[in-house]
Amino acid sequence: MSSIKFERIKYIELNKCILDCPIDIKKGALLLDKQNNRVLLQLKLLNITDSKISSVFVNVDSFDDAYDHIQGINTVEHAFLDLALESRKTFGDTNPILMGNNVRNVEVNINKVVFESGEIWRSEGKDIYIKPVQRRLEKLDIDMLDFLKHESQNAGYDFDQILYKPIELDNLWLCSCGRPNDNLNSTCARCNIDKNWVFRYTDEKMQAQSVIEFVSNKKRLIEEAELVRNEELKVQDEARIKENQNSIRIRKRRKSATLISILLLVSLGAFAIFYIKPNQDYQKAIKLNETGDYLDAMKVFEELGDFKDSKKMLLELGMQIEYNAAISNYAAGNYNTAIKQLEKLSGYKDSQEILQKAFFEYAKDLYEKKFFVEAREYFNKVDDTNNTDIYLNSLYYKLEGKWKLKTMTGNSVVDGWESRFTLRENGRLDDKRGINFESKWDDADFQFSSPSSSDSSERVRYKIVKADPRPGGELVLIWLSNGIRNDWELVYDYISN
Ligand SMILES: [Zn+2]
């Protein structure tokens, strides 16, 4: 099993939205799958309504580094289906969307949201709100940030989501998480923070006094702790002096005990550095993994290097993301992509089973599009021939081979009129009668058209009604829609394959 490695190219700037959209794009990142040199888009989407959502359709416009459109890459349409998504729940980050290799910037638009009730929200005709730039809070004074962190934890808010200075506008307010909210809403649709709270606690002027108090309080607490520690040390010293007054033998023993305790302290320090901190990080990563924040979890596991089974977890997460992408592609009918992904998963979970299904579905797709050569390649990969026989034994495939014309309605046949039919890649059919005629498949079953002769642009349509490619077998074609020769029958003898 080879290792799969993802690198975050960048977080996506989410400065555009439709205010009444039932879905909030909480986070977005472009990832580079270093092994396969592919670019994936990961989105974390949140249901901000009170109703259950069944599907979400997004459009993704791709750009290169310079924010120029990339030639040949159109808008990627992606559907998240069968979500059964409850209110305030997130999804999407386990199903990355495959993008073009050169894509370095994207614009994500939510197109359509379908509720379980059957109600549909559409973006069509709605105003797109473009958010002004917000000042990041990390530029605040360190004491102020410290204070904010302390207060947000007390209030039960996620400090990691308090990123920007909130802004009050005419009809809306921009939350500290970056989300624009209608002024009618007193809590943020994304992070649930209280509007009054966030404006109050991020206002430098108003909070100046509180911050000073907070800082002096913190200083006092530190000083108090120091006093307590000094007191303890003093007591220990006194005890040691008392001990010193005891016999040499006891002193010697005590000395070695002190040495041991110093050694113990040193190793405890090492324990803290080499175990406690990584272990906390490890637990954090496990938690991130459980809540579906796979990317963040991967980042922590990567930093942990060889600690515990971090490497294994990193690999497992990589596989999980790849697996989810494959499943999502399979469900969306992107069988070719799903196959490539599933083949790399070498039996991870039920990937082998789904790979077989993908082979079959992809082959059927190609067959329906009349790409018979490609279809056969994939039908042959399906283990269960019961499913594939009906296709592989169809007249399309039986037509292949060398045939000699025996009889033709209303005409005598010149001996030596031979045809070789060859299915070609890209949905073509060659009909070689001395020279090659490139024939085209018709939409109708078993029908194709060929030029009537080498110097004619007139095309003649045929229908295969019988094909038996065995010694003594016959091929019967009906000559369709060609003036008076309509419905003439051509009968061939089988010569060879
Ligand atoms: Zn918010």
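Which residues in α6 meet which residues in α7? Keep that question in mind as you read these notes on the structure, which is a predicted model.

1. Let's start with the whole chain. The protein chain holds eleven helices and 22 strands. Of its 497 residues, 26% count as buried. If you take the contacts between residues at least 6 apart in sequence, 51% of them join residues at least 24 apart.

2. Now for the opening question. From α6, the residues are E322, A325, A326, N329 and Y330, and they meet Y335, T337, A338, Q341, L342 and K344 in α7.

3. For α6 and α7, the angle is about 155 degrees and the axes are 8 Å apart. An angle over 145 degrees counts as roughly antiparallel, and α6 and α7 are therefore roughly antiparallel to each other. Their crossing is left-handed.

4. Stay with α7 for a moment, which covers residues 335–344. Its buried residues are Y335, A338, I339, Q341 and L342. These buried residues pack against α6 (310–331) and also against α8. Just after α7 you will find S346, which takes a positive phi of about 30 degrees.

5. Next comes the pair α8 and α9. Helix α9 spans residues 372–379, and the axes of α8 and α9 come within 8 Å, crossing at roughly 165 degrees. That makes α8 roughly antiparallel to α9, and α8 passes α9 in a left-handed crossing. On the α8 side, the contact is made by F359, Y362, A363, L366 and Y367. On the α9 side, F372, E374, A375, Y378 and F379 take part.

6. What does F301 touch, not counting residues up to four places away in sequence? Its contacts are A285, S310, M313, L314 and L317.

7. Here is a sheet to look at. Strands of a sheet pair through backbone hydrogen bonds, either parallel or antiparallel. An open sheet of three strands has the order β12-β13-β14, and its pairing is antiparallel. Which strands stand at the edges? They are β12 (167–168) and β14 (180–182), each with a single partner strand, so one side of each is left without a neighbour in the sheet. Strand β13 (residues 172–174) pairs with β14 over three bridges, in the antiparallel sense.

8. Why does M144 count as partly exposed? A residue needs 20 or more other C-beta atoms within 10 Å to be buried, and 12 or fewer make it exposed. M144 has 19 other C-beta atoms within 10 Å, so it is partly exposed. In sequence, M144 and T202 are 58 residues apart, while in space they are 8.5 Å apart, C-alpha to C-alpha.

How values were computed:
Residues numbered from 1 in each chain as written. Predicted model: local features only at pLDDT ≥ 70, side-chain atom pairs only at ≥ 80, totals over all residues. Contact = placed C-beta atoms within 7 Å. Helix = DSSP H or I, 4+ residues; strand = E, 2+ residues; numbered from the N terminus. Pairing = 2+ DSSP bridges. Axes fitted to C-alpha atoms, helices over the stretch in contact; angles between N-to-C directions. Parallel < 35°, antiparallel > 145°, perpendicular 65-115°, else oblique. Left-handed = near helix turned anticlockwise from the far one by under 90°.
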